[in-house]
Amino acid sequence: MNSDAVLLLETVHFAAEKHRQQRRKDAEQTPYINHPVGTKESAYFVQAALLHDTVEDTDTTPAELEAKFGPIVARIVQEVTDDKSLPKQERKRQQVEHAPHCSHQAKLVKLADKLYNLRDLNRCTPVGWTAERVQEYFVWAREVVKGLRGTSSALEEKLDELFRQRGVQL
Ligand code: NDP
Ligand code: ZN
């Protein structure tokens with residue numbers, strides 16, 4: 001099993017342990033853990049996060065995602081997919097412009113995506129990139145993240161720390 005799957009199981013186990021004495025307020029006294037585990041939004045987030053670049057970067061179509069994973073996951077992926085027929089600068093500008101209008105789930109995916117990419121840039125510089133280009137990516141990412149604020153304090157705090165380390169003004 002890969003480490004992400006292990007982490008996911010550990011997380012479910014942790015929550016189950018923490019909630020083990022609790023019951024829902026229904027007549028059957030359903031175990032409380034059914035509630036967080038059954039929160040569809042968590043499943044949508046995990047699915048959309050895994051699929052987020054499939055339409056943008058592979059031959060996957062939105063219709064294919066909808067048929068396989070349903071309209072909600074397909075819509076979130078669509079929201080985080082750049083229109084590659086547009087020139088790059090325009091795509092970058094649209095990400096900044098569209099960020100505040102995304103759904104909550106799409107904002108979460110975008111925050112997680114930016115966090116991963118910025119950490120990756122800290123880990124190593126992409127082939128052919130100058131230090132200046134890396135810095136410009138941080139500045140652009142900060143503009144996108146501005147429009148995503150108020151979504152997840154955990155993700156936003158981690159991003160803010162990376163911007164601080166880079167001297168990118170918040
Ligand atoms: P790109 O869009 O070309 O590359 C960044 C994207 O590549 C990420 O958003 C990510 O895609 C994906 N990616 C793949 N591997 C990595 C990795 N190891 N680390 C991070 N991202 C990875 O970059 P930009 O065009 O945004 O360039 C950054 C800045 O540099 C911009 O502000 C741009 O204006 C400027 N620029 C400078 C040039 C120069 O020569 N000085 C030339 C071109 C741009 P995803 O988001 O889909 O996950
Ligand atoms: Zn991505």
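**Ligand 1.** I began with the surroundings of ligand 1 in this predicted model, and I found 13 residues around it, the closest being Lys88, Lys92, Arg133, Glu136 and Tyr137 (a residue counts as near when one of its heavy atoms lies within 4 Å of the molecule). I then looked up polar contacts, meaning pairs of N or O atoms within 3.5 Å. For aspartate 53, I noted a polar side-chain atom 3.2 Å from an oxygen atom of ligand 1, and for glutamate 136 an N or O atom of the side chain that is 3.2 Å from an oxygen atom of the ligand. Aspartate 120 places a polar side-chain atom 3.1 Å from a nitrogen atom of ligand 1.

**Conventions.** I kept in mind that local features need pLDDT of at least 70 and side-chain atom pairs count only at pLDDT 80 or more, while totals for chains, interfaces and linings use all residues, and that side-chain values use heavy atoms, with hydrogens and water left out. Residues are numbered from 1 along each chain as its sequence is written, with chains lettered from A and ligands numbered from 1 in the order in which they are written.

**Overall build.** I recorded ten helices and zero strands, taking helices as DSSP runs of H or I with at least four residues and strands as runs of E with at least two, numbered from the N terminus. The C-alpha atoms fill a box of roughly 60 × 40 × 35 Å along the principal axes.

**α3 and α8.** I next looked at helix α3 (residues 40-51) and helix α8 (residues 104-123), whose axes come within 10 Å and cross at roughly 45°; the axes are lines fitted to C-alpha atoms over the stretch in contact, and angles run from 0 to 180 degrees between N-to-C directions. The two helices are therefore oblique to each other, since angles under 35 degrees count as roughly parallel, over 145 as roughly antiparallel, 65 to 115 as roughly perpendicular and the rest as oblique. Glu41, Phe45, Ala48 and Ala49 of α3 meet Gln105, Leu108, Val109 and Ala112 of α8, contact meaning heavy atoms within 4.5 Å.

**α8 and α10.** I then turned to α8 and helix α10 (residues 153-166), which pack at an angle of about 35° with their axes 10 Å apart. Among the residues in this contact are Leu108, Leu111 and Ala112 of α8 and Leu155, Leu159 and Phe163 of α10.

Note on methods:
Polar contact = N/O pair within 3.5 Å; in protein donor to acceptor, adjacent residues only side chain to side chain.
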